[in-house]
Structures are given as structure tokens and as C-alpha cells.
Amino acid sequence: MKKKITILAVLIVSLLACLSLLACEHSNKPNTPNEPDNPTHSHSYGDWKHDEANHWKECSGCDEKSEQGEHNFSGDNKCICGYDKKSNAEAPTIDEIEGIYYLPSFNDDTNDFELTKDWYIQLNSDGTSIMTFLAGGWPSETVLTYTLKENMVQFTLMDDDTDTSEDENFVGFINDGTIVLWEINYGEEDSNYDIMAVFCKEGIDIPYKMYDDILYCRIFGFEFDGTFSVVDVRKEIISASIKVEIDDISVTSIGARAFNDCDRLESITIPDNVINIGDYAFWHCDGLKNVTIGNGVINIGKYAFYECSSLESVTIGYSLTSICESAFRACDSLESITISKTNSVYHSDGNCIIETATKTLVLGCKTSIIPDDGSVTSIGRYAFAYCSSLESVTISDSVTSIGSHAFYGCKNLQNIIFKNATGWQIDNNLEIDESLLSDSSTAAKYLVSTYSSYDWSKAKK
């Protein structure tokens, strides 16, 4: 019996010693999230953190990391974490950019672009440059000096006999073996830049590709003074049908004359990130047939699509608030004009674009039918100007004014039918006899030529 009690006592003493040891160890350990005196921890992640290669978020209460990964750059060279590859990239040095940059040209035999020796820019490490090209079959050489500032190269012509004038300056933007060469234009309120050509080093992907006999040309904006603008397609290197897609999210404006005279341009879709289409941007693009203007565009500049003789359809988004004068003048083939139903400034009806608040028809085409429901009381200046395919139009009773040149140059317009020919006058002064306007051919002659340069209005009763 005594032996059993002794064994039990030893066990109890051993147990107490173990418990004491555990208590001691526990007192030296930090509290864990699951212990009563340290309630369960809920992670709270802050803003993005990053280095040159990766990004992540950190918990403010501990060092736990979340959403770790490598940078994934979009078209504007920015990652979702805010890291800007372009602004953080080191500016190139003269030693890095020196070499020969060639002008791409289209090879009809291979149906693709290739670098040629016909025209190139050679950048030397001593700050001089040579531009060589073929002029009339003979080589021509121009010597320039250049200075490098970040990724911009300023070229200046060298000529001992004449002073260098402002219009002899060029600017080039260098990026990954490519130079986009611009000419500086002076005499405007602010200096602006017209693209001259794109030059590439050997081994660099040429930014033009052929697919199924159609040239896909991806146009990107180049930053200068904090603004972006779509630049011209070099017309000398285009000899195929073109379908242009602009999807670089950094592009917010299509510059003045950006696509002027791009004869083989057939279709363009302007994405939602573009807010402005500059003056004369697509002037005289004879091959352009279809235009889709995204929901971001708020302004279409004057003469933006002037003389696009093949243009058949125009679709416009909901943000447009301004269509400048003659934006679509002389588009002979235009037959379909539609605008988003959610646009707050304009609406389309009968292939006409109407400024809703003023009830002014601002744009018509060869298939237009002027609404007679009272939604149009005025036909704007140049609304149908040079629409040579227009043959007949009916002016509803609700129309009380017609702007000057509204039908000017519509050479095949033979009949203008006034639903109500009474009370019309020119420049609020000269009244036109009702019997004359009741004759549709005479009315057409008056509005197309004889009195086309005057504002027409109905006399107030």
C-alpha cells in the first residue's frame, strides 16, 4: 500500500513540474492571434508598393503581403500599381542611341514592309548626324547636329553659307530603336509638330504589318508638353488598303491633319479614350468608307472629314457636344448617319443629325429626310453643302430658317419642295414670292446658287 502511495506522489510531483515548465515557456512567448488576450487579427492592406520588377500590398498590422506579382504594363506604359515604366526608365545616352536608323518601305513582292537603304538617319557619338535619301534617283546627303534631352533629339541643319532658320529644325523621339521624326511648324499661336517619318534600326519590329492583303497600322501617341496626339501615317510607305485601329489608351486626341490625304485608309474606329478630333484630321481621305466615333469624343473639328468622297456611314457616340462647321462637307457618298440615343446634345433622325435643344439640323446627306414632327425648325449653315448626290429634298412646314450655304454646291439637286412656301425672306429684308418657291426647280436654283449665300427666314406674323 505504502509503495502505491509513493508511486502516486512521484507522479503528482512530476505532473506539477511539467505544468510549471509549460507556464514558464508560455510567459516568454508572444501572444498569438488565437489566444484570449490577443483577439483574432484581421488583415488591413494599404496602397500598392513596388520596385522595378514587382508589386504587392502590405498589411498595416503585420508584414503579411498580398497580391504579389510582376508588373503588367498597359499601352500607356503604366502598371495597375501605378508604376510608370516610361517615367522611371533611365533616359538613353548618346552611346546607346548612336547608329543607323532606316526608313521602312513596302515591298509589293513580299507583301510586307522592310528596311531599305534609300533613306536613313545616322547618329554619331560626336553629336553630328547624317540624313541620306534618294532624290530623283540621285543620293542626297544632309548634315545635321543634334542634342539629346531624355528621349527627345533636337536636330539642327548645318550649313556654313546660310543662317539656320527656325523652319529648318527637326525633333525626333527615340524609343527602343525607333526614331519618330517631326518637323517643327512655327507661325501659329504655339509651335506644333508634323510627323515626317518613322525610322528603325535593323532588328527592330517595323510598326506596320500585313494580314490577308490588308495593312494594319497601329498608331500610337507621343508625349510632348504633357499632351498626346495621334500622328500621321507616312504616306510614302503605304501602298495597300489600310484598316487603322487606335487602341493605345494614352492617345486622347487626333491631331490636326493627322490622316490628311491618306488615300488608302478605308475604315477607322476611334476608341472611347479619344476626346478630340482635330481640324482637317481626315481631310481628303478618298478611300475612307466607314467611321465609328467612340463614346469619349466630345468635339469634331472643322473640316475634319472634308472631301472624304467615298465615306458611306458615320456612327457617333454619346459624349459628342460639338460638331464644327463643315466637318463632313463634300462627302458625296454619305448615306447613313447615326448617333447614340443617349447623347444629350444631338440626336439622329432620317439620316440627319439634329441639335436637340435648338432644333437645328446640322448635318444631312444624300438619303436625308428632314423630320416633319416639329423637331427641326432650322437648317444650319453648310448642312448639305457640296452633297452632289442629293437630288431632292422636302422642307417641312416646321422649318422657319435656313442658314447660308446650306445647300451650296449640291449640283444635282433639282427639286426642293416647300411644304409651306409663304412668308420666306432673305436676310430679313428681301421677300421671295410664294409662287416662285412653290415651283420646286426654282426653289432648288435659289437655294443652291442664286441666293445660297444668304440666310433665309420666315417673316414673323
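Reply:
**The largest nonpolar core**

The largest nonpolar core has 36 residues, of which I277, F282, L288, I300 and F305 touch the most other members; such a core is a set of buried Ala, Val, Leu, Ile, Met, Phe, Trp, Tyr and Cys residues joined through side-chain atoms within 4.5 Å, where buried means under 20% relative accessible area, exposed over 50% and partly exposed in between, with a 1.4 Å probe and protein chains only. Two or more residues of this core come from each of β16 (265-270), β18 (290-293), β20 (313-316) and β22 (336-339), and the largest share, three residues, is that of β16. Strands here are DSSP runs of E with at least two residues, and helices are runs of H or I with at least four, numbered from the N terminus.

This is a predicted model, in which local features need pLDDT of at least 70 and side-chain atom pairs count only at pLDDT 80 or more, while totals for chains, interfaces and linings use all residues. Residues are numbered from 1 along each chain as its sequence is written, and side-chain values use heavy atoms, with hydrogens and water left out.

Leaving aside residues up to four places away in sequence, L288 touches L265, E266, S267, I268, F282, F305, C308, S310 and L311, contact being heavy atoms within 4.5 Å. Another core, of 31 residues, lies apart from the largest one and includes A406, L413, W424 and L447. L447 is also one of the buried residues of helix α5 (residues 440-450), together with A443, A444, Y446 and V448; the cover over these buried residues includes β27 (392-395), β28 (401-402), β29 (415-418), α4 (434-438) and β32 (456-458).

Turning to the rings, the whole structure holds 16 aromatic pairs, counted when the centres of Phe, Tyr or Trp rings (for Trp, the six-membered ring) lie within 6.5 Å, with planes under 30 degrees apart called stacked, over 60 edge-to-face and the rest tilted. Y280 and Y303 form a stacked pair, 5.1 Å centre to centre with 10° between the planes; Y280 sits in the loop between β17 (276-277) and β18, and Y303, 23 residues apart from it, in the loop between β19 (299-300) and β20. Both Y280 and Y303 are buried. The rings of F384 and F407 are likewise stacked, because their centres are 5.0 Å apart and their planes at 10°. F384 lies in the loop between β26 (378-379) and β27, and F407 in the loop between β28 and β29, 23 residues apart, and both are buried. Finally, F259, F282, F305 and F328 form one aromatic cluster, and two of its members, F282 and F305, are among the core residues that touch the most other members.
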